[in-house]
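Subject: Handover of a structure and its findings

Dear colleague,

Please find below the structure that I am handing over to you.

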Amino acid sequence: ADPGISHLECGARYTSLIPFYGAAPQTQAYFRQRSIHSGRFIKLLEPGRNDQEILQSLEASADTKVQSYLDENSQPDPRRLMQAFDEVAQCDRQYGHSVTQPPEDLYRAARMAD
């Protein structure tokens, strides 16, 4: 119940990757489900908070993260997104999930950007 990474932070990490998969509803659902899992822990530890408050706090934190993944031209930066996947993997391990692997094309784009 006392995580190394807060449940809010993990939920925001998962939620922040959803906008980058507009053409992949299954991937969006995958990250949404992981975010909901984090939200359930928040609800368990803070029963006074309603679901809407939890969702709003996750969305607000995620919006900040989404902006940090963009370059100066407001385009997704592959290196920053790879870092986001590393951070998501930390949460995956914390919850005992299988580790989320970045897409191969993102991995290649990040390597080419170096």
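The notes below cover one loop tyrosine, the aromatic pairs and the salt bridges.

The model is predicted, so local features need pLDDT of at least 70 and side-chain atom pairs count only at pLDDT 80 or more, while totals for chains, interfaces and linings use all residues. Residues are numbered from 1 along each chain as its sequence is written, and side-chain values use heavy atoms, with hydrogens and water left out.

Tyr69

Tyr69 is found in the loop that runs between helix H3 (51-68) and helix H4 (78-95); helices are DSSP runs of H or I with at least four residues, numbered from the N terminus. With a relative accessibility of 4%, Tyr69 is buried (buried means under 20% relative accessible area, exposed over 50% and partly exposed in between, with a 1.4 Å probe and protein chains only). Leaving aside residues up to four places away in sequence, Tyr69 has contacts that include Ser16, Leu17, Phe20, Pro76 and Arg80, a contact being heavy atoms within 4.5 Å. Leu17 lies 52 residues from Tyr69 along the chain, and their C-alpha atoms are 9.3 Å apart.

Aromatic pairs

There are five aromatic pairs, where rings of Phe, Tyr and Trp (its six-membered ring) pair if their centres lie within 6.5 Å, and planes under 30 degrees apart count as stacked, over 60 as edge-to-face and the rest as tilted. Phe20 and Tyr69 form a tilted pair, with ring centres 6.0 Å apart and planes at 50°. Phe20 sits in the loop between helix H1 (7-17) and helix H2 (25-45), so its pair with Tyr69 ties together parts that are 49 residues apart in sequence. Phe20 itself is partly exposed, at 22%.

Phe41 and Tyr95 form a stacked pair, 5.4 Å centre to centre with 25° between the planes. This pair links helix H2 with helix H4, its two residues being 54 residues apart. Phe41 is partly exposed at 25%, whereas Tyr95 is buried at 13%.

Salt bridges

The count of salt bridges is eight, each being a side-chain nitrogen of Lys or Arg within 4 Å of a carboxyl oxygen of Asp or Glu. One of them joins Arg13 and Glu9 at 2.9 Å, N to O. These two residues are four apart in helix H1, which means a separation of about one helical turn. Arg13 is buried at 9% relative accessibility, and Glu9 is partly exposed at 24%.

Yours sincerely
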